[in-house]
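Dear colleague,

I am passing on the structure below, together with some notes on what was found in it. Please read the notes with the structure open beside them.

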Amino acid sequence: MSFEKKLKIRLGFSIGCIVSGIALIVLFCVTSLKNEFLSYYGIALVAIGFANVRRYFLVTKSDESFKRQEIAENDERNISIVLKARNFALTL
């Protein structure tokens, strides 16, 4: 899969996070169910979504930053470190 396609998928996921976060906030405000966690999760999802959308636009702003990020993500050392960290975190 090309790096540009990965970025588009991540952008779609980020927009989905924003939409679901807004839906949770609206659900909290509209319903009689006063569960504060809904609004907190909604706010967190919206913040994460906006941060990822901002990161997408910063990466695609120039060809140099796009190439730098592509090299960083495809570097074998970085991939190895990420896989080891993920395996360690999931085994605890």
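Predicted model: local features only at pLDDT ≥ 70, side-chain atom pairs only at ≥ 80, totals over all residues.

Ala44 lies in helix H2, where helices (H or I, at least four residues) and strands (E, at least two) are DSSP runs, numbered from the N terminus. At 35% relative accessibility, Ala44 counts as partly exposed, a class that lies between buried, under 20% relative accessible area, and exposed, over 50% (1.4 Å probe, protein chains only).

Residues are numbered from 1 along each chain as its sequence is written, and side-chain values use heavy atoms, with hydrogens and water left out.

Helix H2 also holds Gly49, which counts as buried because its relative accessibility is 0%. Leaving out residues up to four places away in sequence, Gly49 touches Ser14, Cys17 and Ile18, where contact means heavy atoms within 4.5 Å. Gly49 and Arg10 are 39 residues apart in sequence, and their C-alpha atoms are 9.8 Å apart in space.

Another serine, Ser39, has its place in helix H2 and is buried, with a relative accessible area of 11%; apart from its neighbours within four places in sequence, Ser39 is in contact with Ile25 and Phe28.

How do the axes of H1 and H2 cross, and how close do they come? The axes of H1 and helix H2 (residues 36-59) come within 7 Å and cross at roughly 155 degrees, where axes are lines fitted to C-alpha atoms, for helices over the stretch in contact, and angles run from 0 to 180 degrees between N-to-C directions. H1 and H2 are therefore roughly antiparallel to each other, given that angles under 35 degrees count as roughly parallel, over 145 as roughly antiparallel, 65 to 115 as roughly perpendicular and the rest as oblique. Their crossing is left-handed, a term used if the near helix is turned anticlockwise from the far one by less than a right angle, with right-handed used if clockwise. The residues of the contact of H1 with H2 divide into 19 nonpolar, seven polar and four charged, where Ala, Val, Leu, Ile, Met, Phe, Trp, Tyr, Cys and Pro count as nonpolar, Asp, Glu, Lys and Arg as charged, and the others, Gly among them, as polar.

Between H1 and H2 there is a loop, in which Thr31 lies, and Thr31 is partly exposed, with a relative accessible area of 25%. Thr31 and Phe3 are 28 residues apart in sequence, and 42 Å separate them in space, C-alpha to C-alpha.

H1 also packs with helix H3 (residues 63-74), at an angle of about 95 degrees and with the axes 11 Å apart, which makes H1 roughly perpendicular to H3. In this contact, Phe3, Glu4, Lys6, Leu7 and Arg10 in H1 meet Phe66, Gln69, Glu70, Glu73 and Asn74 in H3. By class, the contact of H1 with H3 has three nonpolar, two polar and five charged residues.
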